[in-house]
Amino acid sequence: MLEHGETSVVVLKRNRRTCALVVAILSLHAAMLAWGGLRHSITLDEVAHLPAGMSHWTFGRFDLFCVNPPLVRMAAAVPVLFSGAEIDWGRYDLRPWTRSEFAVGIRFVELNGEASFWYYTLGRWACIPFSLLGGWVCFRWARELYGDAAGLTALVLWCFCPNVLGHAQLVTPDAGAAALGISAAYLFWRWLKRPNWGRAFLSGAALGAAQLTKFTWLPLFLLWPLMWLAWRWSQRRQGGRSRWLRIGRKMTSAFAPRIPPHPGPLPPREREVILRPILSESAQLAL
């Protein structure tokens, strides 16, 4: 049998090997996206997305392409703003029903000619980190559930999925929304497993980031409370009463009298102890 020190060395070597594989797969994924972003022509929506992102930074307004939140296109616009690209805001129309982002985008391509291909490439490359985040979260989540092999499998499925490769190389919100959506789900899952204020804050921040990518994620504001209720109900059905008592007693003062087990209906004092962590989690969920 292996000694404790030898076991630690084996685990360390396995972790290093896993980390090296993760870095290699994500690097290959980034290289494929960068190459595709350089070689493939501009798509119809991208023509409007990039100038719309530039307008958000320039004017502090979100009129252009207001059918979806601005996070991804604003990230794409950052390197283009410092690249010397020419842009004419003469076709910028504040009336929301005109969808003037396409007219502004066409004018942007007209002004910059062949150089516009390079500007859109810069915008595409700026969006690659969203996809890398999605792959990393897939790895972490699957690894925590089922081990290293499952984590690497999930990472490979993300990094070589045709849909991910197709959308993550574009200045469009779809891949960014998928990546931040799964990040929010992962952090919410971690909060469900072990709720505390820090995890609640991280879950809320990730939820906000997901909302900034696409309106598709608006139902999460309803789904997350429902999922929390379903999770807590399942815990109660699986003997969660004793768990709630343990949590409640930890939250109670150390000088409080110990509550003996009670096989029948819960006395008022025991109900109070069980209710305390539920109220705490409710407050965290509200945050």
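In the predicted model, helix α6 covers residues 128-146, which makes 19 residues. The distance from the first C-alpha of α6 to its last is 27 Å, close to the 27 Å expected at 1.5 Å a residue. Several residues of this helix are buried: I128, F130, S131, G134, G135, V137, C138, F139 and A142. Just after α6 comes G147, whose phi is positive, at about 105°.

The chain as a whole contains 12 helices and 0 strands. Of the 287 residues in the chain, 39% count as buried. Contacts were also sorted by separation in sequence: among those between residues at least 6 apart, 70% join residues at least 24 apart.

The accessible surface of the chain amounts to about 15,900 Å². Carbon and sulfur atoms account for 67% of this surface. One nonpolar surface patch, of about 470 Å², is formed by L222, L223, L226, M227 and L229. Among these residues, L222 belongs to helix α11, which spans residues 220-251. L222 has a relative accessibility of 55% and therefore counts as exposed, because the term applies to values over 50%.

Methods:
Residues are numbered from 1 along each chain as its sequence is written. This is a predicted model: local features need pLDDT of at least 70, side-chain atom pairs count only at pLDDT 80 or more; totals for chains, interfaces and linings use all residues. Side-chain values use heavy atoms; hydrogens and water are left out. Helices (H or I, at least four residues) and strands (E, at least two) are DSSP runs, numbered from the N terminus. The expected span of a helix is 1.5 Å times one less than its number of residues. Buried means under 20% relative accessible area, exposed over 50%, partly exposed in between (1.4 Å probe, protein chains only). Contact means heavy atoms within 4.5 Å. Accessible areas come from the Shrake-Rupley method with a 1.4 Å probe; for residues, only the protein chains shown count as cover. Patches are made of residues with over 30% relative accessible area and no salt bridge: like charges are joined within 9 Å, nonpolar side chains (Val, Leu, Ile, Met, Phe, Trp, Tyr) within 5 Å. A salt bridge is a side-chain nitrogen of Lys or Arg within 4 Å of a carboxyl oxygen of Asp or Glu.
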